[in-house]
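Please examine the sequence and the three-dimensional structure shown below before reading further.

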Amino acid sequence: MILVWLISILFIGGIIAWLSERVNPYYPRLIALITVLLDLVLMLSLLGAELATGGWVAGIDAAWIPRFGISFYLAADGLSVLLLLLTAFLGVIAIGSAWDEIKDRAGFFYFNLLWTLAGVLGVFTALDLFLFFFFWEVMLIPMYFIIAIWGHENKNYAAMKFFIFTQVTGMLMLVSILVLAYFHYIQSGFVSFNYHDLLTVETYGPLEMWIMLGFFIAFTTKLPSVPFHSWLPDAHSQAPTAGSVILAGILLKTGAYGLIRFAVPLFPEASMTFAPFAMTLAAISILYCAKVAFAQVDIKRLIAYTSVSHMGFVTLGVYAWNEQALQGAVMTMLAHGLSAAALFMLAGGLQHRIHTRNMLDMGGFWAKVPRMAVVVLFFSIAALGMPGLGNFIGEFLALLGAFQANVPLTVISAFGLIFASVYSLWVIQKVFHGEFVNSEFDDSHLTDLTHREMVYYAAMMIGLIWMGMYPQSFLTLSQPVLIDLISSAEGIVTSVVRN
Amino acid sequence: MDITLADLIPLLPLLITTGTVVVSMTVIGIKRDYGLTVAITIAGLLLAALSAAYLMPSTNLQVTPLMVVDQYSLFFTVVTCATAMFIAILSYPYLANLDDHKEEYYLLLTIATIGAIVMVSSNHFVSTILGLETLSMSLYGMVAYPVHAEKSARFSLEASVKYLVLSAAASGILLFGIALVYAQTGTLEFTSVVNVPSITEGLGDGFTIAALILVFVGIAFKLSLAPFHMWTPDVYEGSPLPVTTYLATVGKVAMFVVLLRFIEVSEALAFDSFILVISFVAVASILAGNLLALVQSNLKRILAYSSIAHMGYLLIAIVASYFVQGSISVEAVTIYLVAYVIMSAGAFGVASVVSSSEQEFNRIEDYQGLFWRSPWLAAVFTGMLLSLAGIPLTIGFIGKFYIFFAGVEAALWVLLAVLIIGSGIGLYYYLRIVYCMLLAADIEQGFEVSIGRNISSHAVLAFLFVLLGRPWYLSNAIGDDH
């Protein structure tokens, strides 16, 4: 029941925030903050909860559309809880980053923000595939509004591209879900969209590969991975800061979550066959997007491409499909959620101050904004994988696991770490070192980080250091889930092989 | 054959609408009163819809050889009557300032609805043709209705003549096809064309296929399926908005119901080549409709092309019906048709509400900033457009879901792929309108939005909006029926 509350609090909070704008234009942000904090507190209570049967912390299963055997089935295990916490935490951060930036139609903005978060929470907890698809699409529309209304100069193009990419690939997933449900109908005599029911379906033949690809394409578009990544740089560079935070920090993780929870366990055999291709795509993502990132002059586009590159490690880890690799993928999701969100906030903060994202116009900012420079340096170093910080743990584990599955691709992917150092340090050098140039922009608003901003960045820094220094507290939560997923998938594969 | 009073009860909806025409004609003859005529029309159509709803659970009768009254026909009688009533309500403020006689418009509207009721209840070619011509004849008049008014749309006469000529040609093709079917089966009733009794020595399979294709082409003209869709955008654009709504909803639904019944009864899909023809038309309609809609800037034309695409989606369910056991594809057609009526009526309805016979607001730019000028209308419009695009939370998604489901069961992978591509393209032009509504409202000569001016039209929109957002009730209800 608590999961229903988590989601409905956000839905209701969104509506209240919208309406409250009429009373006072400052209420929406306050209400949004209170709503998300409330959610965060409720989620913390999940951590202490007793594990129910099957490792599920909390759940609800009610009939929804009996005609098609669709139920309102939400449940959370350790993996979901980690991602729920990440969502709520970054939700708070996103509201913080929008605090001063969004003044126009604030009520509607926070409404959309909260509804996106609600959709994401649904995605992380839905265990009925129809419900999952439903939430998958629900988080799309408010996000479209966020980019289309509060975005920058080319927002229409970016929002449209984002929507069409996700929606079309989502429809491929819908067809796959339906085929799977139909298989279940043929094999057991009733239609069901329940995750556990569908796990038992034995798909076979060439069709299995096609269905798996439906899921794979939908998830890797969201992740994103080459060749479905081209919407991301546009969406990121045009979105308002809070939109970028949500997009990079949370929305991308839904794709990774989908791969771990659905794409591989539902089709273990096809996934095994497909793994080398998926890992190759991952390696290409890592290297190609790192290279492309290096060629960018728009700072937000640069960070967007580095996101694609880092997400490559997640794909690599998932398709290596062993415990270390999966742990690495999960840790990368969490750590990248924080570091990318922080970098987008910093880029957004910079744009807010000097009204440009073009790095060629920047230089020598260290003297002007020393605090900001240090914060950027910290998160850049985190992103490039410095030991002691979360990203290192994630990428190291992912590579360690992938090494057991596929040596050549792992070796190639590892070069991504070097590229990451190059582009990260290049940004620092370009923006903060060298001569101060202000001919291209008005530097009167180039002020250092405020105390309020420092609080957000400090919170994210603590998170990253915690992940880097004592990752066990996160690994413990996700470990039983991942072991479970691996063993059930292996069980199916071996039983098929034996037959 | 003696007809007793009991035999007439199943025909109640038809009799009530006919009575409505007679009463309102008499009233107009005695004294012209715009409000009274509209009230009589609305009351009559409401009564007809209610009587059909009342008969629905219990009636399943062949009334005369021409008409069958069963749940399916009664359900669509409710849909047509209710839609016609909504359109009558929307027309009231729209036509209020027309400097010509306004009352006869409602006569035509009701007569057209009679035609539609006959069509949805027909399982005989004679009643099909009678219903179709009654519907079409009234529509010619309705399309050209504001032609004498000085300030009205300039294209209504052109639209009417275009519709008349092409419609007559289509009817000719349809009749020729019917004649060939008759030559094969020896009866004008809908009957299987596959297992023809040997007494009526037919002309052979080649002629049967030709006959079926001719019938289908005739129907495809009326449904504006590609490649027979050329007339649609022009006629939609030239007609007054409420009439466009009528053409897009009642006109299409009645024809589609006939098509579904004919194909089910005649077992026409047993011929592979016929399946091929339908599949080709479906693919052509989806692609042509969606691609051509991309380059339009007029709202009516966009919705016209989008309706072409939607009719294409529906054909997928018809093809699926041959391969699938059980009622899923009939259900899919039913749900999708209802969804289509709700969202088309809603989308055109928003345009009708802000327009009048003197000035219509059809350009996308007219709706710029509607979100901030009138959040209510913008919400309805956005809902309808997202529903047309098939986004979850709306009835349009449920329709698509059913078609996907039927298509998956029938393993129609190519058609499903085209459906996905088509929907993907469709997103672009629907979102373009939504985006325009999100822009800042800085245009000078926009329309005024005041809900008080025509409260009843807004009530219609509100009702459609509620239907839009609560799709599963419909699905569960229809699922129980079959």
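This is a predicted model: local features need pLDDT of at least 70, side-chain atom pairs count only at pLDDT 80 or more; totals for chains, interfaces and linings use all residues.

Residues are numbered from 1 along each chain as its sequence is written, chains are lettered from A and ligands numbered from 1 in the order in which they are written, and side-chain values use heavy atoms, with hydrogens and water left out.

Helices (H or I, at least four residues) and strands (E, at least two) are DSSP runs, numbered from the N terminus. Helix α6 of chain A covers residues 140–150. Eleven of the eleven residues of α6(A) are buried, so this helix is largely enclosed by the rest of the structure. Here buried means under 20% relative accessible area, exposed means over 50%, and partly exposed lies in between, with a 1.4 Å probe and protein chains only. Among the buried residues of α6(A) are A:Pro142, A:Met143 and A:Trp150.

Two packed helices are described by the angle between their axes and the distance between the axes. Axes are lines fitted to C-alpha atoms, for helices over the stretch in contact, and angles run from 0 to 180 degrees between N-to-C directions. Helix α6 of chain A packs with helix α17 (residues 413–438) of chain B at an angle of about 55°, and their axes are 10 Å apart. This angle makes α6(A) oblique to α17(B); angles under 35 degrees count as roughly parallel, over 145 as roughly antiparallel, 65 to 115 as roughly perpendicular and the rest as oblique. The crossing of the two helices is right-handed, a term used if the near helix is turned clockwise from the far one by less than a right angle, while anticlockwise gives left-handed. In α6(A), A:Tyr144, A:Phe145, A:Ala148 and A:Ile149 meet B:Leu431, B:Val434, B:Tyr435 and B:Leu438 of α17(B), where contact means heavy atoms within 4.5 Å.

A second pair lies in chain A. Helix α11 (residues 241–266) and helix α13 (residues 299–320) of chain A pack at an angle of about 15°, with axes 11 Å apart. That angle makes α11(A) roughly parallel to α13(A). The contact involves residues including A:Leu252 and A:Ala256 of α11(A), and A:Met311 and A:Val314 of α13(A). The crossing of α11(A) and α13(A) is right-handed.

Chain B has its own helix α13, made of residues 328–354. Its 27 residues, at 1.5 Å a residue, should span 39 Å, and its end C-alpha atoms are 39 Å apart, which agrees; the expected span is 1.5 Å times one less than the number of residues. Of the 27 residues of α13(B), 27 are buried, so the helix is largely enclosed by the rest of the structure. B:Ala339 belongs to this helix and is buried, with a relative accessible area of 0%. Leaving aside neighbours within four places in sequence, B:Ala339 is in contact with B:Ile395 and B:Gly396.

Loops also hold buried residues. B:Asp70 sits between β2 (67–69) and α4 (71–95) of chain B and is buried at 13% relative accessible area. Its side chain reaches the backbone nitrogen of B:Ser73 at 2.9 Å. In chain A, A:Asn322 occupies the loop between α13 and α14 (323–354) and is buried, with a relative accessible area of 15%. A polar atom of the side chain of A:Asn322 lies 3.0 Å from the backbone oxygen of A:Gly401.

Definitions and conventions. A polar contact is a pair of N or O atoms within 3.5 Å; within protein, one must be able to donate a hydrogen and the other to accept it, and residues adjacent in sequence count only if both atoms are side-chain atoms.
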